[in-house]
Amino acid sequence: MASGSSGHAIVTQSVSALVVSYNTGLYLKDCLYALASDPAITDIVLVDNGNPDEMIVWLDQFAENRDNVALMRPGPSLGFGAALHLAAPQTMADPLLSIT
């Protein structure tokens, strides 16, 4: 762990982000762009529990353009907890950050 100019510790640990999405809308784009730009996030596992067609197309493109994004579509909505259990084994880092 390094120390910043303010004397506070800077966390250099890698984190995997688990994102569960169901009809999330535009906030999902903001969330994914923020995660993708964060150097501490090593990978993003997104469980699409159901989104409108235009968001599905956008998610496909977002995942295809990034090596560290895995997109999962389990079918009918699993709910938040079950979706996290599905996504967790796909991660590359520990700890895990869960986002809904």
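**View 1. Asn23 sits in the loop between strand S3 (15-21) and H1.** Helices (H or I, at least four residues) and strands (E, at least two) are DSSP runs, numbered from the N terminus. What you see here is a predicted model, in which local features need pLDDT of at least 70, side-chain atom pairs count only at pLDDT 80 or more, and totals for chains, interfaces and linings use all residues. Residues are numbered from 1 along each chain as its sequence is written, and side-chain values use heavy atoms, with hydrogens and water left out. Now look at the backbone: Asn23 has a phi near 50°, a positive value in a residue other than glycine. Most residues other than glycine have a negative phi. Asn23 counts as partly exposed, at 46% relative accessibility. Buried means under 20% relative accessible area, exposed over 50%, and partly exposed in between (1.4 Å probe, protein chains only).

**View 2. Tyr33, Trp58 and Phe62 form one aromatic cluster.** There are three aromatic pairs in the structure. Rings of Phe, Tyr and Trp (its six-membered ring) pair if their centres lie within 6.5 Å; planes under 30 degrees apart count as stacked, over 60 as edge-to-face and the rest as tilted. One of the pairs is Tyr33 with Trp58, edge-to-face at 5.5 Å centre to centre and 85° between the planes. This pair links distant parts of the chain, with Tyr33 in helix H1 (residues 26-37) and Trp58 in helix H2 (residues 53-64), 25 residues apart. Tyr33 is partly exposed, with a relative accessible area of 43%, while Trp58 counts as buried at 14%. Tyr33 also pairs edge-to-face with Phe62, at 5.8 Å centre to centre and 75° between the planes. Here too distant parts of the chain are linked, Tyr33 in H1 and Phe62 in H2 being 29 residues apart. Phe62 is buried, with a relative accessible area of 3%.

**View 3. Strand S4 (residues 41-48) is largely enclosed by the rest of the structure, because seven of its eight residues are buried.** Two strands pair if DSSP finds at least two bridges between them. S4 pairs with S3 in the parallel sense over seven bridges, and Leu18 stands opposite Val45 in S4. S4 also pairs with strand S5 (residues 69-72), again in the parallel sense, over four bridges. In that pairing, Ile44 stands opposite Val69 in S5. Follow the chain from S4 through H2 to S5 and you trace a right-handed β-α-β crossover. S3, H1 and S4 make a right-handed β-α-β unit as well. A crossover is right-handed if, with the strands pointing away from the viewer, the path from the first strand over the helix to the second runs clockwise.

**View 4. The largest nonpolar core has 16 residues.** A nonpolar core is a set of buried Ala, Val, Leu, Ile, Met, Phe, Trp, Tyr and Cys residues joined through side-chain atoms within 4.5 Å. Val19, Leu28, Leu32, Leu35, Ile44 and Leu59 touch the most other members. S3, H1, S4 and H2 are the elements that give two or more residues to this core, and the largest share, five residues, comes from H2. Zoom in on Leu35: leaving aside residues up to four places away in sequence, Leu35 touches Ala17, Val19, Ile41, Ile44, Leu97 and Ile99. Contact means heavy atoms within 4.5 Å. A second, separate core has eight residues, including Val20, Ala83, Leu84 and Ala87.
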